[in-house]
Amino acid sequence: MGADGAVFPYLQCVAAFRVALEAFELVLTLRQRRNFFSKKMRPEMEGLVPEEKFQKAQAYGKEKIDYGIVETAFNVTLNLVFYFTYFMPYVWDLSLKIMQVAKPEFDSSNEIVRTIVFCGVNYVVGVVTGIPFSLYFNFVIQEKYGFNRLTGLQFVKDLLLGGVVSAVIGLPAIVGLWYVIEWGGEFLWLYFWLFFVALTFFLQLIYPTVIAPLFNKFTPLEDGKLKDGINSLADGMKFPLKKIYVIDGSKRSNHSNAYLFGLFDKRIVLYDTLLEQNEGHDERILGVLCHELGHWALSHLRKTMAVALSHMLFISWLYGKTSQNVEMFQSFGFKDTPHIIGLLLFSEINAPLESILGLAMNWMSRRYEYQADKFASGMNYTNELAEALVTLHIENLSNMNPDPFYSAYHNSHPTMIERLEALGAKPRNMDLKTVTGAKETSTESAEKSQAEKKEN
Ligand SMILES: [Zn+2]
């Protein structure tokens, strides 16, 4: 507390920043929204995109952006209400009461159990408030544009499976973190960081081999021309390819994708939807893979990881400085200083820094996309990659009239036109294997994870 007994207004600062950031983002969103009303295709798009696909993409984009505005407004309001009604301290107190129902001897010294109950309650609140949006997004918007392949049963299954996976991985991680904080002492920041490094590598290891197969089926790619093509592409680059899989992305959506995984032996994963959309055009799939292999050859993943871990080191150091800040707890309505609450409050206070970092990461990612495109181009796949980019863009009804500011702020990938320009490719009037009623993935479905972030 200050000399006059006043507590620094952390809560008010966090709330003010949040409102300012959301207002800024809303301005960008409205700029993009206005672009979706345009009835006329940009000259660069003409001959590239069929007229009716353009109109459909515009309508779809507008509907998604309106949905986003409502969802954001709801979440921000809920967040502010939670801050100012001291909902978090209330849930913390409630957690103790829930524990005592199960076992009356529990008291506030049982902080680990209380932490687990607290996280459980928060998880449930998060899922429940998100369900109406998720339902509307998948079963109204996606359905209307022919994208949805989720059934009600699959939706419930994903929800339950997501809960189980979060509990199995999250709870031990939370308990581990609790001990790190409890025993950290002077070197808390260092142990904290090492804990995250270990956790990151562990997740990298088990995500593709253990978690992803829970949500999707991985089938080895059948023998044939495509497999031979991929193998010779990988051989030529000395890429340590172990196996090629096809994943049933179409179970939920028709969002198409391809990615690589494996720390040492590498695997290539192709979405069945990617194969479907490019049927009869294996060379386009090879173009996409050339781009993906470019990310590998140029060590993009390793560089991104190095940046992420350095960032984490800085955050850990910062956290070490604040973890004992009693005013921070008081400002948010807490009488004591539980470890998990300290972590949550720290992440709230750290939000401004994170949003700046997010911008920098997007910028870096866009540079890597250009570099990987250039790599594919150097392998003589310029036109094939360009055709694949156009096909994917059209099939997914992606943004065909992007606002430059909105796109620079939000996108980890350059726009299609920017990429085609950089490639120097103009695939006009190409043979489009339109799988009508192309379906796009729910951006919120459980399987969306690192895999999709590595997309293209
Ligand atoms: Zn890429």
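Helix 2, spanning residues 51-84, contains 34 residues, where helices (H or I, at least four residues) and strands (E, at least two) are DSSP runs numbered from the N terminus. From its first C-alpha to its last, helix 2 reaches 50 Å, close to the 50 Å expected at 1.5 Å a residue; the expected span is 1.5 Å times one less than the number of residues. The model is predicted, so local features need pLDDT of at least 70 and side-chain atom pairs count only at pLDDT 80 or more, while totals for chains, interfaces and linings use all residues. Residues are numbered from 1 along each chain as its sequence is written, and side-chain values use heavy atoms, with hydrogens and water left out.

The buried residues of helix 2 are K53, F54, A57, Q58, Y60, G61, E63, I65, Y67, E71, V76 and Y83. Buried means under 20% relative accessible area, exposed over 50%, and partly exposed in between (1.4 Å probe, protein chains only). These buried residues pack against helix 1 (10-35), helix 4 (111-144), helix 12 (339-349), helix 14 (382-395) and helix 15 (404-410), contact being heavy atoms within 4.5 Å.

Most residues other than glycine have a negative phi. Just after helix 2, Y86 takes a positive phi of about 55 degrees. K238, in the loop between helix 7 (225-236) and strand 2 (241-247), has a positive phi near 60 degrees and is not a glycine. K238 counts as exposed because its relative accessibility is 70%. A positive phi of about 55 degrees is also found at S299, a residue other than glycine, located in the loop between helix 9 (282-297) and helix 10 (300-322). With a relative accessible area of 23%, S299 is partly exposed.
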